[in-house]
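Here's a quick briefing to go with the model below. Have a look at it, then read on for the pocket and a few side-chain contacts.

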Amino acid sequence: MSSLSKGLRKVQVTLRWDPSPVGAPATDLDIVAAVYLADAPHGKPAYLVHFGSRSPDGTITLNRDSRTGQGFGADEVMALELDRLSEGYARVVVGVVIQQRDDALTFSDIKNMGVRILEGPVELANDDLAAVPDATAATVAEFTRDAAGSWQLRTGVCGFAADPAEFAELMGSASS
C-alpha cells in the first residue's frame with residue numbers, strides 16, 4: 001500500500017459449508033478471532049471473540065452463528081471494525097475451528113467449505129482450507145497495525161490438530 005493508504009477499516013470474515021448428510025450428526029464450524037496487545041503481539045490473547053461473545057468495546061462481533069451449515073450464502077459472519085480498535089492492540093488473528101462431537105472430523109470431511117474476507121464489496125481473500133485437509137482448526141488471516149497506525153492483512157492458512165480450547169491458545173503462536 002502507498003503511504004497515502006489508510007489501511008483496512010472495516011472487514012468481514014464469512015464462513016460457509018454444506019450441512020451433514022441426512023442421518024449424520026450436524027457439523028458445526030466456528031470463526032474465532034484472537035486480539036493481541038501491542039506489547040505482546042504473540043503471547044496470550046488479550047481476548048477472544050467467538051460464538052456467544054464479542055469484543056469488550058464492540059469492535060469485533062459474530063453476526064451470524066450456524067451450528068449446522070444450513071442456509072443460503074454465509075453460515076457465519078464476523079465483523080471487525082479495525083479502525084475503532086484501541087491503539088493498545090496491534091494484532092488480530094482469525095481462525096476457523098471444528099466443534100468436535102462424537103466423530104473426529106477434519107477439514108477434508110467438510111463439504112463445500114469456504115472462507116472469504118471482504119472490505120465492503122471488495123474480496124480480499126478466499127480460501128477453501130484444502131491446503132490443510134487433516135487439520136481440525138486453522139488460522140486464515142492476520143491483521144496487523146503498522147507504525148503509522150494502519151491495519152494490513154496477511155493471508156495464508158496454518159492448520160492445527162487441536163480442539164477449540166487448545167486452538168485458542170495456539171492460534172497466536174504462528175503467523176498465518
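Which side chain does the side chain of D30 make a polar contact with? That would be the side chain of Q99, at 2.8 Å. Bear in mind that this is a predicted model. The points below go topic by topic.

**Around D30**
- D30 sits in strand β2, which covers residues 28-37.
- With a relative accessibility of 2%, D30 falls in the buried class, because the cut-off for that is under 20%.

**Aromatic rings**
- Searching the whole structure turns up 2 aromatic pairs.
- One of them is Y47 with Y89: the ring centres are 5.6 Å apart and the planes stand at 85°, so this one counts as edge-to-face.
- Y47 belongs to strand β3 (residues 47-49) and Y89 to strand β6 (residues 89-99), so the pair ties together parts 42 residues apart in sequence.
- Both Y47 and Y89 are buried.

**A charge over a ring**
- Y36 has R91 over its face, 5.1 Å from the ring centre.

**The largest pocket**
- The volume of the largest pocket comes out at about 260 Å³.
- Its lining takes in 18 residues, and those nearest the centre are S20, P21, P25, T27 and L105.
- Sorted by class, the lining of the largest pocket splits into 8 nonpolar, 4 polar and 6 charged residues.

Terms used:
Residues numbered from 1 in each chain as written. Predicted model: local features only at pLDDT ≥ 70, side-chain atom pairs only at ≥ 80, totals over all residues. Heavy atoms only, no water. 1 Å grid on protein atoms, 1.4 Å probe; cavity = no way out; pocket = protein on both sides within 12 Å on 5 of 7 lines; lining within 4 Å. Points joined across faces, edges and corners; volume = space filled by probe spheres on them. Nonpolar A, V, L, I, M, F, W, Y, C, P; charged D, E, K, R; others polar. Helix = DSSP H or I, 4+ residues; strand = E, 2+ residues; numbered from the N terminus. Buried < 20%, exposed > 50% of the residue type's maximum accessible area, 1.4 Å probe, protein only. Polar contact = N/O pair within 3.5 Å; in protein donor to acceptor, adjacent residues only side chain to side chain. Phe/Tyr/Trp six-rings, centres within 6.5 Å; stacked < 30°, edge-to-face > 60°. Lys NZ or Arg CZ within 6 Å of the ring centre and 35° of its normal.
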